[in-house]
2 protein chains.
Amino acid sequence: MARIVMKFGGTSMAGTERIRRVARIVQRQQAAGHEVAVVVSAMAGETDRLVNFCREANPLYDPAEYDVVVASGEQVTSGLLAMHLQALGCSARSWLGWQVPIKTDDAHAKARIEDIDADALIASMASGEIAVIPGFQGVSPAGRVTTLGRGGSDTSAVAVAAAVNADRCDIYTDVDGVYTTDPRIVAKARKLKNVTYEEMLELASVGSKVLQTRSVSLAMKEGVRVQVLSSFIDDDAPAADTIPGTMIVSDEELEGLDMERQLITGIAADKNEAKITLTRIADRPGAVAAIFGPLAAANINVDMIIQNIAKDRGETDVTFTVPISDLARAQALLEERKDTIGYYRMLSNGKVAKISVVGVGMRSHAGVAATMFRALADRGINIQAITTSEIKVSVLIDEDETELAVRVLHTAYELDGE
Amino acid sequence: MARIVMKFGGTSMAGTERIRRVARIVQRQQAAGHEVAVVVSAMAGETDRLVNFCREANPLYDPAEYDVVVASGEQVTSGLLAMHLQALGCSARSWLGWQVPIKTDDAHAKARIEDIDADALIASMASGEIAVIPGFQGVSPAGRVTTLGRGGSDTSAVAVAAAVNADRCDIYTDVDGVYTTDPRIVAKARKLKNVTYEEMLELASVGSKVLQTRSVSLAMKEGVRVQVLSSFIDDDAPAADTIPGTMIVSDEELEGLDMERQLITGIAADKNEAKITLTRIADRPGAVAAIFGPLAAANINVDMIIQNIAKDRGETDVTFTVPISDLARAQALLEERKDTIGYYRMLSNGKVAKISVVGVGMRSHAGVAATMFRALADRGINIQAITTSEIKVSVLIDEDETELAVRVLHTAYELDGE
């Protein structure tokens with residue numbers, strides 16, 4: 001017997017038939033003898049509908065009232081799933097954020113979970129009742145409804161799993177696991193049996209949208225075993241235990257599991273960056289701070305930065321990337337400070353892609369970056385910028401070459417399955 | 001300065017433009033110097049949508065989970081109205097049922113309000129903040145979401161008005177007050193400036209759907225002054241104080257207000273009754289109990305009853321009315337007990353209407369019923385059954401003659417305006 005937290009996203013909860021299917025998947029876990037809690041998202045599209053009402057009400061809406069409105073989507077699906085489970089003969093009840101309670105700070109619309117009083121939840125689960133918990137929501141110190149920000153239900157699930165000391169947190173999504181790369185790009189992509197928290201974090205942060213980054217950080221911090229599974233398995237199939245998805249584990253656990261470790265775990269592509277170049281900046285102390293200070297103050301996240309070698313007249317070009325959604329704001333801000341910064345021209349390009357190779361194996365192997373650069377150069381793909389971390393190498397390339405680059409690298413690192 | 005509770009129904013809350021209109025009506029009350037709380041319904045159609053999901057989930061749904069699901073409709077509109085008010089520059093916040101708290105019993109889906117802790121609400125209103133409260137919902141002793149049954153938002157509004165000791169509870173509806181009769185039937189119907197609680201109760205119970213009966217009982221018990229107003233007034237019009245709807249007051253207050261009191265206040269028609277006749281029942285003790293006992297046990301509300309004079313062979317015919325929605329159930333139940341009851345035939349007729357004349361004036365005047373019978377007889381309208389209360393006389397007639405009867409009586413009691 002294990003204690004399991006299961007999480008289902010909005011696509012899995014979209015309408016009566018799909019919720020019924022989820023109920024059957026949950027029922028099978030209980031029938032297998034497990035104690036079960038389920039965390040649910042709102043029906044797909046519902047949160048957007050509610051957010052739209054908020055925007056129409058007041059473009060500068062009060063985030064505390066926004067939370068009251070949007071938290072209702074998960075409230076509805078939690079009640080409905082409890083009813084569907086009851087229809088299957090299971091004992092089940094919903095636990096709203098304030099009922100558990102899932103205590104958060106008071107940063108409405110982007111709250112952080114501070115503590116979960118799980119005693120009542122654990123008692124209920126131990127009695128054989130399935131606990132159904134709306135994801136994404138909590139309650140502030142002042143007793144008001146809070147939400148965790150878009151995609152927060154993954155974080156809710158991991159936090160509940162940590163609080164009830166669950167043996168596993170199963171995240172059911174519309175993919176059946178984490179792949180070496182996007183199978184829509186590379187047909188020979190392989191599903192990974194295991195991936196480390198650090199790798200998952202790097203993959204999540206560079207565009208592999210299987211899990212919300214925050215939920216992976218939390219799982220790593222709390223040591224929650226997270227499994228990514230498909231919710232679109234045949235609902236007559238055996239219990240999920242026997243249909244492995246991808247298990248996210250610690251470095252230590254991975255070493256025990258996987259002797260023939262690959263050098264590279266996965267390859268991710270991210271088209272959501274834009275490149276800005278400021279030309280002919282004075283090559284003096286403080287020049288770079290004049291650019292990046294204001295961007296940081298405006299909450300614009302700068303990723304890659306390249307500063308060209310100063311030319312003989314004491315000037316330099318600075319190139320960097322920002323999220324494409326912040327490009328217009330960044331341009332306006334830099335235009336405004338043209339004189340303070342002292343650049344000649346601002347160039348920008350939204351048609352770029354960041355390609356990243358990720359793997360804990362590269363810690364102990366040299367030459368990973370060299371392999372990447374050579375493989376891309378052999379196919380004539382020009383590298384516009386480079387960043388590295390301990391377990392990741394990223395390059396910026398022309399967006400049109402995204403798929404080609406991913407395929408070339410997937411083969412170069414010998415990741416292709418049959 | 002007064003303390004006012006305003007209530008808006010689902011039609012008034014259906015979508016962004018209508019909620020904005022409501023916000024302007026509320027803002028005008030505050031601008032007039034009043035302390036304001038607002039009770040809101042869900043958007044028209046939303047509760048039906050949610051109830052439908054519940055039925056699909058489980059025809060025998062758990063009312064506790066039903067409440068979690070359907071209470072979300074009012075949660076959404078309360079948050080949205082708070083945002084709209086803020087957009088107009090008002091200070092406003094939503095207070096969910098569990099936040100106030102509005103304490104109910106644990107009869108989920110048809111809960112009764114037991115107590116409202118109004119201290120926080122009063123403090124907030126006194127500080128100039130508009131309190132926006134979702135109608136229809138409360139919290140049970142076990143801390144779970146409850147709802148008051150369909151139409152419960154009127155009751156929420158009156159209960160909040162009593163708890164905050166409001167000077168007035170304004171119920172905004174899609175009519176602009178209580179009329180002497182339905183203006184769609186009688187063009188010369190007049191809007192009443194005042195009506196007593198007892199009259200309103202009788203009118204509500206016989207098909208005048210302006211207010212939920214429970215809310216009127218509660219207002220009478222708690223002495224809450226209730227005003228019925230239209231929410232479709234021009235939103236550039238002056239504050240509601242100057243656009244009188246109908247005020248519901250006590251008998252004593254009415255005597256002070258209205259010297260030239262009419263004998264009859266209003267005439268209502270109700271087509272939701274059906275007539276059942278059981279023929280040739282033995283005229284012996286217990287025969288009638290054998291009919292009405294099982295109907296009561298099945299929660300079928302019997303209204304009018306006529307027992308014909310026993311014929312010489314010791315048999316009698318019994319005729320009575322039930323809500324038309326319960327007709328099939330009542331027939332099945334009586335069919336099943338044909339031998340126990342011992343009747344010869346069961347006849348039924350759904351094409352009947354109950355016409356009621358209501359007025360506290362009839363307490364001190366004889367001849368009200370006689371006027372009614374004569375006026376109907378003069379137009380050849382046959383009376384099938386009669387019931388009376390202290391302030392009401394009702395007759396059952398052929399449904400086809402409903403409008404004719406209402407017009408005849410409106411003239412007979414000299415209610416016609418110009």
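Me: In which strand of chain A is T173(A) found?
Reply: This is a predicted model. T173(A) is found in strand β9, residues 168-173.

Me: Why is T173(A) called buried?
Reply: The cut-off is 20 or more other C-beta atoms within 10 Å. T173(A) has 22 such neighbours, so T173(A) counts as buried.

Me: What is T173(A) in contact with, leaving aside neighbours within four places in sequence?
Reply: G9(A), V210(A), V228(A), S230(A) and S231(A).

Me: What makes K7(A) a buried residue?
Reply: Burial takes at least 20 other C-beta atoms within 10 Å. K7(A) has 30, and is therefore buried. K7(A) sits in strand β1, residues 3-8. Beyond four places in sequence, its contacts include V39(A), G135(A), D154(A) and Y172(A).

Me: Which feature does UniProt place at K7(A) and T173(A)?
Reply: The unreviewed UniProt entry gives "binding site" for both, and for other residues including G9(A), D174(A) and R184(A). The annotated positions span 204 residues of sequence and reach up to 24.5 Å between C-alpha atoms.

Me: How do you know that V160(A) and V5(A) are in contact?
Reply: Contact means C-beta atoms within 7 Å. V5(A) is listed among the contacts of V160(A), along with A37(A), V39(A), I116(A) and I133(A). Both valines are also among the residues touching the most other members of the largest nonpolar core, which has 248 residues.

Me: How many residues of chain A are in contact with chain B?
Reply: 28 residues of chain A, against 28 of chain B. On the chain A side, α4(A) supplies the largest share, eleven residues. That side divides into 14 nonpolar, eleven polar and three charged residues.

Methods: Residues are numbered from 1 along each chain as its sequence is written. Chains are lettered from A and ligands numbered from 1 in the order in which they are written. This is a predicted model: local features need pLDDT of at least 70, side-chain atom pairs count only at pLDDT 80 or more; totals for chains, interfaces and linings use all residues. A nonpolar core is a set of buried Ala, Val, Leu, Ile, Met, Phe, Trp, Tyr and Cys residues joined through C-beta atoms within 7 Å. A residue is buried if 20 or more other C-beta atoms lie within 10 Å of its own, exposed if 12 or fewer, and partly exposed in between; C-beta atoms are placed from the backbone. Two residues are in contact if their C-beta atoms, placed from the backbone, lie within 7 Å. Helices (H or I, at least four residues) and strands (E, at least two) are DSSP runs, numbered from the N terminus. Ala, Val, Leu, Ile, Met, Phe, Trp, Tyr, Cys and Pro count as nonpolar, Asp, Glu, Lys and Arg as charged, and the others, Gly among them, as polar. UniProt positions are given in the numbering used here, feature names are shortened, and annotations may be inferred rather than shown by experiment.
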